[in-house]
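Okay, thanks for coming, everyone. Today I'd like to walk you through some rings and a few side chains around them. Let me put the structure up.

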Amino acid sequence: MTEPQTGAIPRTDTPGFDRRLLPPMMLGSVLNPINSTIISVALVPIGAALGAPASQTAWLVSALYLATSLGQPILGRLIDIFGPRRLFLLSTSLVGVAGVVGTLAPNLGVLITARVLLGFGTCAGYPAAMALLRGEAERTGRNNPGGVLTALAVANQTIAVVGPLLGGLLIAVGGWRATFALNVPLAVAAVLLGLWRLPKPAGAGRSPRRGRLAAELDLPGMTLFAAMLVTLLLFLMNAHLRDWYLLVMCAVAGSLFTVRELRAATPFIDLRVLGGNTPLLATYGRALVAYVVAYAFLYGFSQWTEESYGLTPFHAGLVQVPMFLVAIGVSVLTGRRPGVRGKLLVGAAGQIVACLLILTLTETSALWTLLLVPLIFGVPQGLNNLALQNSVYFQADPERTASSAGLLRTFAYIGSMVASSATAASFGRSADTAGLHQLAWVMLGAGALYLLLTVLDRTLGRVGK
């Protein structure tokens with residue numbers, strides 16, 4: 001069913017990665033992080049405009065990650081089957097629709113719907129980029145994509161720099177609605193670049209047989225996976241024992257999903273292969289806990305600096321700039337080195353040190369201490385993202401590169417959902433210092449688990465070598 005990417009990229013005597021693919025790869029992969037970071041400084045203005053407390057505006061974060069956690073592996077599997085071009089164009093078009101809905105939203109409910117659309121719309125960018133990278137490795141015979149993986153990581157880090165700062169500027173000039181309107185020109189640019197640069201699959205005029213297509217897609221497996229993930233994430237959004245039934249539903253759906261995937265000829269997620277790939281499972285576990293720390297800091301720290309420390313959204317964005325600048329520098333300096341173990345260990349240590357510093361912050365802390373915390377966070381931000389991305393590329397089944405990359409993002413977004421839930425529980429109706437310290441203890445626990453998962457994994461020394 002997979003359509004080979006032939007005829008679109010000319011072969012040469014000394015083949016190298018086709019640099020024409022980089023613009024759509026990078027723009028597609030950053031659509032999600034820019035919407036993740038830009039909302040961090042918009043939560044307080046949105047809450048003030050719509051009369052919603054922090055516990056309700058947290059759904060703007062959760063909604064995007066719920067949709068993206070579900071959509072990434074599904075879109076990744078579709079990309080593995082059909083190739084990246086069609087799914088990239090369809091998905092990025094949805095980003096533009098979401099931008100319009102969010103710009104015109106009359107209330108918080110519609111705004112949350114726009115964030116769901118954004119979540120699904122930004123699903124294809126990263127899996128498509130990883131699939132293109134794998135295709136180029138097969139075409140050129142060079143399976144050393146360190147430079148391109150670094151470029152993707154730096155692009156994401158650069159957008160993370162721009163996100164909070166740009167969000168503050170947009171809010172200052174056009175209000176919080178401008179942060180949603182931004183998606184319209186971004187989507188147009190992504191679609192045009194995709195039409196222009198992405199290779200067309202060979203045999204585009206053929207009509208696939210329906211029976212074979214249904215078997216390749218494994219729709220029952222996708223449905224059970226969706227049920228399992230949605231019930232889990234709904235529980236994590238507002239974790240409380242009164243919602244125990246969601247965990248029961250998740251367990252039932254998970255059991256049925258496991259039975260289905262073990263019996264399916266072409267499973268949506270090949271649990272037999274995945275279960276035997278312990279290094280990849282460990283990478284997914286590290287991604288989950290790493291993103292608990294990263295996103296709890298991104299959203300919790302931003303809200304605290306605005307509500308308790310008294311910064312404007314623009315200045316709250318400026319405070320986070322050191323983190324992303326350091327992350328870019330770290331990614332550039334270490335990106336071409338194939339090993340990941342050292343990166344993960346230093347990243348784990350950086351997370352723990354930064355969390356300990358957060359425990360010392362108060363409303364009267366000097367401004368330089370607010371800058372020191374994100375400065376230290378920049379080290380794990382740059383190292384962890386790059387190392388996790390490289391790990392999946394080398395550990396995954398080459399035939400399922402896109403869906404494996406999508407699963408990496410799914411585990412990361414589950415981590416972000418845990419972070420969102422922890423942030424809402426810690427702050428309640430106000431982002432005060434006591435809540436920030438409570439959140440820091442959650443982050444510290446996740447950081448310690450991340451370090452433990454790294455120290456005990458003896459396979460990391462072989463990744464990329």
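So, start with F225: this residue is buried, with a relative accessible area of 5%. Keep in mind that we're looking at a predicted model. Now, which residue does F225 pair with? Its ring partner is F268, and F268 is buried too, at 1% relative accessibility.

How do the two rings sit? In general, you describe a pair of aromatic rings by the distance of the centres and the angle of the planes. For F225 and F268, the centres are 5.3 Å apart and the planes are at 75°. Over 60 degrees counts as edge-to-face, so that's what we call this pair.

And where are they in the chain? F225 is in helix α11, residues 219-237. F268 is in the loop between α12 (244-263) and α13 (271-275).

Zooming out, a search of the whole structure turns up ten aromatic pairs. There's also a cluster, where ring pairs link F297, F301, W304, Y309 and F377.

Next, charges over rings. R409 has its charged end over the ring of Y126, 3.9 Å from the centre. R197 lies over the face of W196, and there it's 4.0 Å from the ring centre.

Last, the cysteines. How many disulfides do we get? The count comes to zero. As for burial, C123 is buried at 0% relative accessibility, and C250 is buried as well, with a relative accessible area of 13%.

That's my tour, thanks!

Key:
Residues are numbered from 1 along each chain as its sequence is written. This is a predicted model: local features need pLDDT of at least 70, side-chain atom pairs count only at pLDDT 80 or more; totals for chains, interfaces and linings use all residues. Side-chain values use heavy atoms; hydrogens and water are left out. Rings of Phe, Tyr and Trp (its six-membered ring) pair if their centres lie within 6.5 Å; planes under 30 degrees apart count as stacked, over 60 as edge-to-face and the rest as tilted. Helices (H or I, at least four residues) and strands (E, at least two) are DSSP runs, numbered from the N terminus. Buried means under 20% relative accessible area, exposed over 50%, partly exposed in between (1.4 Å probe, protein chains only). A charge sits over a ring if NZ of Lys or CZ of Arg is within 6 Å of the ring centre and within 35 degrees of the ring normal. A disulfide is a pair of cysteine sulfur atoms within 2.5 Å.
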